[in-house]
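Please look over the model shown here. A short report on its strands and one of its residues follows.

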Amino acid sequence: MDCSICLKTVYFVEKVEANGRPYHKSCFKCTESGCRLTLANFHYCEGRLFCPKHVPKLQAIVRLGIIQEAA
Ligand SMILES: [Zn+2]
Ligand SMILES: [Zn+2]
């Protein structure tokens with residue numbers, strides 16, 4: 001299987017599977033600023049990974065009809 005981020009082969013020992021996709025441990029990090037992620041706290045948005053702090057909030061904001069700065 002190929003890593004969903006760098007598209008190189010993922011071997012078992014370095015594999016993290018999240019959202020049904022394989023990742024290298026080293027690639028499984030926040031797209032925004034490389035924050036460390038765990039299987040418990042990662043967010044998946046448009047093919048990219050984010051930590052809880054940097055996940056895009058636009059969808060939630062639109063749904064609520066409220067404009068506010070993400071903290
Ligand atoms: Zn990778
Ligand atoms: Zn982050």
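The model is predicted, so local features need pLDDT of at least 70 and side-chain atom pairs count only at pLDDT 80 or more, while totals for chains, interfaces and linings use all residues. Residues are numbered from 1 along each chain as its sequence is written, and chains are lettered from A and ligands numbered from 1 in the order in which they are written.

**Overall make-up**

The protein has 1 helix and 4 strands. Helices (H or I, at least four residues) and strands (E, at least two) are DSSP runs, numbered from the N terminus. Along the sequence the pattern reads β-β-β-β-α. Of the 71 residues, 17% are buried. Buried means 20 or more other C-beta atoms within 10 Å of the residue's own; exposed means 12 or fewer; partly exposed lies in between; C-beta atoms are placed from the backbone.

| Strand | Residues |
|---|---|
| β1 | 15-18 |
| β2 | 21-24 |

The two strands, β1 and β2, run antiparallel and are joined by 4 bridges. Pairing requires at least two DSSP bridges between two strands. V16 sits opposite Y23 in β2. The hairpin has 2 residues between its strands, and N19 takes a positive phi near 60° there.

**R21**

R21 lies in β2. Is it buried, exposed or partly exposed? R21 is partly exposed, because 16 other C-beta atoms lie within 10 Å. M1 is 20 residues from R21 in sequence, yet their C-alpha atoms are 9.0 Å apart in space.
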